[in-house]
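Hi,

Here is the structure I promised to pass on. Have a look at it first, and then read my notes below.

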Amino acid sequence: MEWRWTAGPAPSGGPAGEETEGVVLLRVLGSAAGGGSPQWNCGCPVCTAVRSGAGPARTQSSVAVSADRRRWFLINASPDVRTQIEAFPALHPREDRTTPLEAVLLTDAELDHTLGLLMLREARAGLSLYATPAVHKTLRDGSGLLPALERYCPVQWRAVVPGVGMSLDGGLSCRAFDVPTTKRSRFGPGEDHGRVVGYRLTDERSGGTLVYLPGVQALTPEIAAEMPGCQCLLIDGTCWRDDELVRLGLAGKTSREMGHLPIDGPDGSLALLPALGVERTIFVHLNNTNPILLEDSPERRVVEGSGMEVARDGLEVEV
Ligand code: MLT
Ligand code: MN
Ligand code: ZN
């Protein structure tokens with residue numbers, strides 16, 4: 001399996017219909033957590049350093065995937081989706097306002113992952129939306145985002161059932177898996193709110209497999225069981241430390257309490273990930289306070305010294 005990196009849209013931005021090798025391609029449209037980096041109201045050390053050029057700015061959490069480079073699927077729709085599409089020629093529209101965007105898949109109902117649906121409201125033929133019944137319910141009755149969107153364009157909901165494979169167009173298959181979370185406050189009480197999933201994506205021809213897991217509170221044995229045969233894992237890198245926001249005086253909650261496994265510490269992801277045996281691991285959904293955003297920080301060196309990577313906007317991964 002050969003890995004290739006590109007900084008921009010070059011290999012995937014070719015004309016529609018161009019023959020490719022038949023490998024799944026994932027493009028990181030946005031590598032930051034909610035708020036982006038820097039965040040508009042944040043003067044924390046990392047936001048301040050990013051403003052002065054110590055690392056690239058990052059838009060909010062979303063990726064695009066395709067197996068044929070003609071039909072694309074967004075996983076999560078960030079409020080920055082408009083600029084993310086403009087930055088990626090493979091997603092540009094045709095003269096008749098049809099576009100290569102086939103559908104949006106959601107991992108959860110967080111605002112950073114769903115506000116972008118409203119930015120897609122001009123969709124002429126409607127939007128195709130893959131989400132679990134729990135996420136659909138939150139969008140309908142919790143955030144109210146779905147009824148607002150449906151006043152602009154039809155939305156065709158396709159229910160995501162964890163553990164059940166789905167065949168997406170263009171030779172891409174996909175299976176959601178449950179990601180247990182105790183985070184409920186923003187969604188409502190009970191098990192039918194706040195559900196989070198990860199997606200395992202496989203190229204039906206090459207067998208290349210990626211796992212996209214932008215929100216994970218604990219690496220349970222069930223989640224670890226999704227990794228065999230996966231060549232690349234893109235995983236929640238929200239906070240470096242569990243008490244990152246508390247120490248900075250910016251929030252009263254730890255990373256775990258917000259539904260995100262921290263990177264550092266004896267039971268942090270950096271310590272646990274090697275046992276999963278995945279060839280390539282990339283941190284995504286990076287909060288603006290996380291020092292790994294800075295290219296010359298000691299924390300960034302620790303991540304890279306462990307053979308893991310820090311995503312940036314525009315990163316492309318082929319398997
Ligand atoms: C989270 O995952 O906790 C979010 O980034 C929160 C948000 O969207 O503001
Ligand atoms: Mn988020
Ligand atoms: Zn900040």
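A quick definition to start: I call a residue near a molecule if one of its heavy atoms lies within 4 Å of it. By that rule, the residues around ligand 1 are Gly-34, Glu-110, Asp-112, Lys-183, His-260 and His-285. Sorted by class, this shell has 3 polar, 3 charged and no nonpolar residues.

Before going on, some housekeeping. This is a predicted model, where local features need pLDDT of at least 70 and side-chain atom pairs count only at pLDDT 80 or more, while totals for chains, interfaces and linings use all residues. Residues are numbered from 1 along each chain as its sequence is written, chains are lettered from A and ligands numbered from 1 in the order in which they are written, and side-chain values use heavy atoms, with hydrogens and water left out.

Back to the ligand. An oxygen atom of ligand 1 is 2.8 Å from an N or O atom in the side chain of Lys-183, and for the side chain of Asp-112 that distance is 2.9 Å. His-285 also has a polar side-chain atom 3.2 Å from an oxygen atom of ligand 1. Taken alone, ligand 1 exposes 270 Å², and the protein buries 77% of that (Shrake-Rupley method, 1.4 Å probe).

What about the cysteines: how many disulfides (pairs of cysteine sulfur atoms within 2.5 Å) does the structure hold? The count is 0. Cys-230 is in none, and the nearest cysteine sulfur, that of Cys-232, is 6.6 Å away. For Cys-239, the closest cysteine sulfur is in Cys-44, 11 Å away, which is too far for a bond.

Cheers

Note on methods: A disulfide is a pair of cysteine sulfur atoms within 2.5 Å. A polar contact is a pair of N or O atoms within 3.5 Å; within protein, one must be able to donate a hydrogen and the other to accept it, and residues adjacent in sequence count only if both atoms are side-chain atoms. Ala, Val, Leu, Ile, Met, Phe, Trp, Tyr, Cys and Pro count as nonpolar, Asp, Glu, Lys and Arg as charged, and the others, Gly among them, as polar.
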